[in-house]
Amino acid sequence: MSMSLDGVVEAGFLADRAMTTMQQLGVPASPANFTIWFEYHAGLIPNLQRTIDVIISNNAGFSEDRLKDLYTTFFSPAKEAQAVRATSLLALKTLRDIVAVANLAGADALDASVGAHRFGDALVDLASGDMGASLGKLIELIEDLVQRSKTMAGRSEFVSLRMRASADRIEALEHDLENAIRDAAIDGLTGVANRKSFDSAIRRMAGDAMNSGDDLALLMIDIDDFKRVNDTWGHPVGDSVIRHLAKTVQQTVRGEDHVARYGGEEFVVILPRTCGRAAVAVAENIRKSLARDPVVLVLTPHMTPITVSIGVACYEPGDSLASWIGRTDAALYQAKREGRNRVELNQG
Amino acid sequence: MNSIKGEVGEHLLSNMASRLCLVVDDSAVVRRIARKLLTGMGLEIVEAEDGRDALEKCLQRMPDVVLLDWNMPVMDGLEFLISLRQCEGGNAPNVIFCTTETDVEHIRSAMEAGADQYLMKPFDTESLRTAFAGIVYRQ
């Protein structure tokens, strides 16, 4: 009695801690997430605890797909195991059907009904009761049948139809998942990557640059006097200006470059294998194509042309990402200080 | 159970002088930066370019800590770790994985194979110190 009471109190305590931790880490309170954090505090799955500690200590964040991975890895049977189980169940069901058919119609009907020639002999033995044998032999035969039915399961048209149906369903689910992940990574206003996606991209690209020793540059682009645009023309015009800049930036850079909306009227671009003057040239291209493109002027004829200031800095392996972003930001503010509508390179 | 705070002894860092650290990475850039930062923390450094090279270095002189890349030619980090733990005296070194692999499955298999810490690339002085502060020296 007291033991079960202790158990209840302990569970309540763990539930409390789980909720608190989820709140601290900004993890949504879904049942699956609750399971993860409850078990994390219960400590009964050491590798779950250690994996989560690694993610926390590396500041890698608990994105939706990472939480999903945690749940799948530690709580739900792996895809493969699920597939094996589904196949076994299917095989057993097929076997039962075959035995039922054999019982009803006799062994002769078997070949015609399921088209399983390899089953023939064993089932004839089983159905006719001609075994004359021990239990051990019967088990052996059933095991053999399960094996054979597994082989056959893949061939039967009925089974393959069902397999195709579940494959379609899995595909649809994967498609939904992809969409959800994409939506979570894209800025709604401009269609370029959002801040969250930038955070993981910069980590990935800097990791690769650290390994390869290749150059890596970061541009920080800010619309000049954006507050005035909003105040004078209203937010819908402000929004089209932001969209126009996003489009211009994307048309100017290469496919492998990562463009993201960093916040309000600020964009960032990560440029692999680029640094120094080459990176400044890319920034200048963006600044100039914005000056050339009259779309914004058509929108509101009396509006002063939109210009941008751009800060550029190169990644130094061993440097923290925060300090790299900070240096880029410093270059951007230097560009602002020196009169706007210009590009500044951080000198390291 | 307060592992969420990662409160395990920062004081161990001050105790690190003259400890031997084996840096295993096929990237010369990574080895150079790791050597620079770890030497600054008072560690003695040995380098290896792949898992097999690292095993040979371990047999010559068992390090106190191994900073271990995952993807390498000849023998990768996980294979190395599994082999190391089977060697005589190979259970003693602390192993810190240091890799661009960041998914749950990689972290889980690293821990299962006997890694002590897991550091994601790119690393810097701060994250390296955090990883080293998180280890408890094995017996």
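Author: Before we start, one definition: a helix crossing counts as left-handed if the near helix is turned anticlockwise from the far one by less than a right angle, and as right-handed if it is turned clockwise. Keep in mind too that this is a predicted model.

Reader: OK, so is the crossing of helix 12 of chain A and helix 13 of chain A left-handed or right-handed?

Author: Let's find the pair first: helix 12 covers residues 235–252 of chain A and helix 13 covers residues 276–292, and their axes come within 9 Å. Going by the clockwise rule, the crossing of these two helices of chain A is right-handed.

Reader: And why are helix 12 of chain A and helix 13 of chain A called oblique to each other?

Author: Their axes cross at roughly 130°. Angles of 65 to 115 degrees would be roughly perpendicular and those over 145 roughly antiparallel, so what falls between those ranges is oblique. Helix 12 and helix 13 of chain A are therefore oblique.

Reader: Where those helices touch, how many of the residues are charged?

Author: Helix 12 of chain A brings A:Leu245, A:Thr248, A:Val249 and A:Thr252, which meet A:Asn285, A:Ile286, A:Ser289 and A:Leu290 of helix 13 of chain A. That contact splits into 4 nonpolar residues and 4 polar ones. As for charged residues, there are none: no charged.

Reader: Stepping back, how far apart do the C-alpha centres of domain 1 of chain A and domain 3 of chain A lie?

Author: Chain A is divided into domain 1 (2–74), domain 2 (80–159) and domain 3 (195–345). Between the C-alpha centres of domain 1 and domain 3 of chain A, the distance is 38 Å.

Reader: What about the partner: which helix of chain B gives the most to the side that touches chain A?

Author: The contact takes 29 residues from chain B and 28 from chain A. On the chain B side, helix 1 (28–40), helix 4 (104–112), strand 5 (117–120) and helix 5 (125–133) each supply at least two residues. With 6 residues, the top contributor on chain B is helix 4.

Reader: Which residues does the cis peptide bond in chain B join?

Author: Check the loop between strand 5 and helix 5 of chain B, where B:Pro122 lies. With an omega of about 5°, the cis bond joins B:Lys121 and B:Pro122.

Reader: Last one: over which residues of chain B is the pLDDT below 50?

Author: Chain B averages a pLDDT of 88, with 86% of its residues at 70 or above. In chain B, the stretch with pLDDT below 50 is residues 1–11.

Definitions and conventions
Residues are numbered from 1 along each chain as its sequence is written. Chains are lettered from A and ligands numbered from 1 in the order in which they are written. This is a predicted model: local features need pLDDT of at least 70, side-chain atom pairs count only at pLDDT 80 or more; totals for chains, interfaces and linings use all residues. pLDDT is the predictor's confidence in each residue, from 0 to 100. Two residues are in contact if their C-beta atoms, placed from the backbone, lie within 7 Å. Axes are lines fitted to C-alpha atoms, for helices over the stretch in contact, and angles run from 0 to 180 degrees between N-to-C directions. Helices (H or I, at least four residues) and strands (E, at least two) are DSSP runs, numbered from the N terminus. Angles under 35 degrees count as roughly parallel, over 145 as roughly antiparallel, 65 to 115 as roughly perpendicular and the rest as oblique. Ala, Val, Leu, Ile, Met, Phe, Trp, Tyr, Cys and Pro count as nonpolar, Asp, Glu, Lys and Arg as charged, and the others, Gly among them, as polar. Domain bounds come from an automatic or database domain assignment.
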